[in-house]
Amino acid sequence: MFDTAQRKKLVSVNGLKMYFPIHTGLLRRHTGDVKAVDDVSFDIYEGETLGLVGESGCGKSTCGRAVLRLYDPTAGTIEVDGTDISTTSQSGLRKMRPVMQMVFQDPQASLNPRMSVADIIGEPLREHTKKSKAERLDRIYELMDAVGLNRDFANRYPHEFSGGQRQRIGIARALALNPKFIVCDEPIAALDVSIQAQVVNLLEDLQSELGLTYLFISHDLSMVRHIADRVAVMYLGKVVELAPREGLYDDPKHPYTVALLSAVPEPDPAAHDSANRVILQGDVPSPSNPPQGCNFCTRCPKVMDICKQLDPEFREIEPGRFVACHLYNQ
Amino acid sequence: MLDGAQPSVLDVKDLKTVFKTRRGEVHAVNNVSFHLKAGELLGVVGESGSGKSVTMMSLIGLVPAPPAVVSGEGVYFEGQNLLTATDDELRAVRGARIGFVFQDPMTSLNPVFNVGFQLMEPLRKHMGMSKAKARVRAKELLELVGIPDAERRLKDYPHQFSGGMRQRVMIAIALACDPKVLIADEPTTALDVTIQAQILELMKDLRDKLGMAVVWITHDLGVIAGIADRVLVMYGGQVVEHAPVRELFANPKHPYTRALLETVPHVRGERAERLEVIEGQPPILRAHPTACPFRDRCDKAFDRCARENPSRYPVGPVHDVACFWDPETGGARDV
Ligand SMILES: Nc1ncnc2c1ncn2[C@@H]1O[C@H](COP(=O)(O)OP(=O)(O)OP(=O)(O)O)[C@@H](O)[C@H]1O
Ligand SMILES: Nc1ncnc2c1ncn2[C@@H]1O[C@H](COP(=O)(O)OP(=O)(O)OP(=O)(O)O)[C@@H](O)[C@H]1O
Ligand code: SF4
Ligand code: SF4
Ligand SMILES: [Mg+2]
Ligand SMILES: [Mg+2]
């Protein structure tokens, strides 16, 4: 098991809020906010993979982007490698960019179709280093080797590659500047089952070779169980549970985590007969108009009176296990 | 459910679809055969490009032709060969006796008409119902798929529904004319797991209630395990394995099926330290395959696999596999 006590915190997020203003009417008056990320706190330790799971629209990508300061957060602090970057200017951030990188969901959309593979992988080297052309090419080849792309393909264009190969190009680019921390936003969601394993194994190999730290965003709970050391579960802008992998999957605490895990169809017909499923009713409420009290109270099978009045605090109920639910507040 | 004496509602024999484009041919579907019985749910799995959608679109005349050329021995549905049917005859079958649900409800629902209109249209067109009667039936259908406050929601437009609700509306439209066969192409792929679980329960319930046959296309082995009675595994445009669902998961025979079952991680039970990998990429078939389409990625391949494309050999009462290798003996199959 991943022992957090032995490790250094590489990323520390405290009270992070990311609201997107809603403007309506002719005068474009500010009439409300989409509370995409609403008071989220977590740490990521050096060398670990923190999985971030939850359903569509719960704020995973916004959270990942805000942590890398691709957005200006509404509130909260973000510390990366000892530096508070939550209010750093864009020019100040430029210096931090090599340390932190991102791999995107759609390898097709995130690669410029008019640039060759070598140009794509070499772009961060051109922008952030003083390497000569020959030095850059050496590094590009090195990166292509690392992610399992044939060097002969350096002058080809993204459309000539398969989805899995395109994702390798995206990973090679993210690695170009020797980052410490990479946010992987659904890096395998667009790939076929048989190709997903290739990319996940690559990410794991690179992590152990280079000591990388990952925030791995995904809605695939089975894959997160495979790759993550600890897992944070988001619902409607909030982290509702955070726990080491074994604890979360073997003994989920938050009613939403319980429902989410039980909804995952197991690739085993016998498991479906015995499955005691919690089927949630209804849909996720809008993040611009979350319910009063606990955000999950409109769908929670365990809802109590207090849940409709008071937002439960996110607290540590056992060493390393954080839950936001009134059931654990006694 | 797998009663051999019961006649098939749909019988597909040697279906073949080739796309003939300026940049060459794509042999998307190669000699696919399968049958369906009333009340049965047939799962179809396979990776992207393996021909799942084109197979189903071809059999009811929904592939664009040209560039597609569809041929075969026959697609028999209620005593009619759909391969030789006229466009008018096909139109009468589509959306009425054979219903459809596609992956993305937003592209198949018309944004400018309210949901009530879209439900009533097939009822009036195919069943000749009056407006008043169709409205009553439309409301019943929305109730059937679990949409609360159905009467009022008839007036709502697609964008006023959530993703899961829209997929329910799509299912309601597909069910409008009491189809004998429902073809669902990745109907839950775009949905969240908790919403997917709702739709899967709904489908099982409706299948039992209405007794129609269902074809369910997905790439998710978990969904297949939970919902299918029988399964077709497709690879490179052909059926590589066919078996009842329990048999397939307990006793997979084809190297691709076996590798696929190994490569997916589980949310419960044992956790593998390392994922099994199927190296390489799926093929794009530029010509009619004269060798096994899986051979470049197959760790069991031997010389015969490059010379011949295996046919489907029976290995059990309702289990067949297109492969020259025999997992029982670990050697060449005796065929
Ligand atoms: N730039 C933006 N402006 C306004 N609203 C936004 C913006 N980006 C995201 N949102 C909203 O914030 C919420 C969270 O979105 P986000 O993309 O972070 O979710 P997610 O968990 O990544 O979902 P998915 O699994 O679908 O990728 C959603 O309601 C979304 O519509
Ligand atoms: N209109 C077309 N013209 C040319 N080729 C086509 C056309 N439509 C489909 N194909 C090809 O036919 C093959 C089978 O495609 P199909 O859509 O049936 O795959 P699928 O198994 O449904 O995949 P997915 O899981 O991605 O939906 C693919 O190689 C595809 O590129
Ligand atoms: S606080 Fe109440 S509504 Fe929220 S998850 Fe816990 S029990 Fe359910
Ligand atoms: S026929 Fe040969 S190549 Fe094809 S799956 Fe069987 S063993 Fe592998
Ligand atoms: Mg996202
Ligand atoms: Mg398809």
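Colleague: How far does a backbone N or O atom of A:Gly59 lie from an oxygen atom of ligand 1?

Modeller: This is a predicted model, in which local features need pLDDT of at least 70, side-chain atom pairs count only at pLDDT 80 or more, and totals for chains, interfaces and linings use all residues, while side-chain values use heavy atoms, with hydrogens and water left out. Residues are numbered from 1 along each chain as its sequence is written, and chains are lettered from A and ligands numbered from 1 in the order in which they are written. A polar contact is a pair of N or O atoms within 3.5 Å, and for a backbone N or O atom of A:Gly59 and an oxygen atom of ligand 1 the distance is 3.0 Å.

Colleague: Which residue has a side-chain N or O atom 2.5 Å from an oxygen atom of ligand 1?

Modeller: Ligand 1 is surrounded by 13 residues, the closest being A:Ser56, A:Gly57, A:Lys60, A:Ser61 and A:Thr62, where a residue is near if one of its heavy atoms lies within 4 Å. A:Cys58 places a backbone N or O atom 3.3 Å from an oxygen atom of this ligand. The side chain with an N or O atom 2.5 Å from a ligand oxygen is that of A:Thr62.

Colleague: Which residue has a side-chain N or O atom 2.6 Å from an oxygen atom of ligand 2?

Modeller: The residues around ligand 2 include B:Phe19, B:Glu47, B:Gly49, B:Lys52 and B:Glu186. Polar backbone atoms lie 3.2 Å from a ligand oxygen in the case of B:Ser50 and 2.8 Å in the case of B:Val54. The side-chain atom at 2.6 Å, however, belongs to B:Ser48.

Colleague: How many residues in the shell around ligand 3 are nonpolar?

Modeller: Among the residues around ligand 3 are A:His254, A:Cys294, A:Cys297, A:Cys300, A:Lys302, A:Cys307, A:Cys325 and A:His326. Ala, Val, Leu, Ile, Met, Phe, Trp, Tyr, Cys and Pro count as nonpolar, Asp, Glu, Lys and Arg as charged, and the others, Gly among them, as polar. By these classes the shell has 2 polar residues and 1 charged residue, and its nonpolar residues number 9.

Colleague: Are H4(A) and H6(A) roughly parallel or roughly antiparallel?

Modeller: In chain A, the axes of helix H4 (residues 117-128) and helix H6 (residues 163-175) come within 7 Å and cross at roughly 30 degrees. Angles under 35 degrees count as roughly parallel, over 145 as roughly antiparallel, 65 to 115 as roughly perpendicular and the rest as oblique. H4(A) and H6(A) are therefore roughly parallel.

Colleague: Which residues of H6(A) make the contact with H4(A)?

Modeller: Contact means heavy atoms within 4.5 Å. On the H4(A) side the residues are A:Val117, A:Ile120, A:Ile121 and A:Pro124, and on the H6(A) side they are A:Ile169, A:Ala172 and A:Arg173.

Colleague: How many charged residues does the contact of H4(B) with H5(B) hold?

Modeller: The axes of H4 (residues 115-127) and H5 (residues 131-144) of chain B come within 9 Å and cross at roughly 115 degrees. Residues that meet there include B:Leu119 and B:Arg124 in H4(B), and B:Lys131, B:Arg135 and B:Arg137 in H5(B). The contact divides into 8 nonpolar residues, no polar ones and, for the charged class, 4.

Colleague: At what angle do H4(B) and H7(B) pack?

Modeller: The contact joins B:Val115, B:Gln118, B:Leu119 and B:Pro122 of H4(B) to B:Val169, B:Ala172 and B:Ile173 of H7(B), with 6 nonpolar residues, 1 polar and no charged. H7 covers residues 163-175 of chain B, and the axes of H4(B) and H7(B) lie 8 Å apart at an angle of about 20 degrees.

How values were computed:
Axes fitted to C-alpha atoms, helices over the stretch in contact; angles between N-to-C directions. Helix = DSSP H or I, 4+ residues; strand = E, 2+ residues; numbered from the N terminus. Polar contact = N/O pair within 3.5 Å; in protein donor to acceptor, adjacent residues only side chain to side chain.
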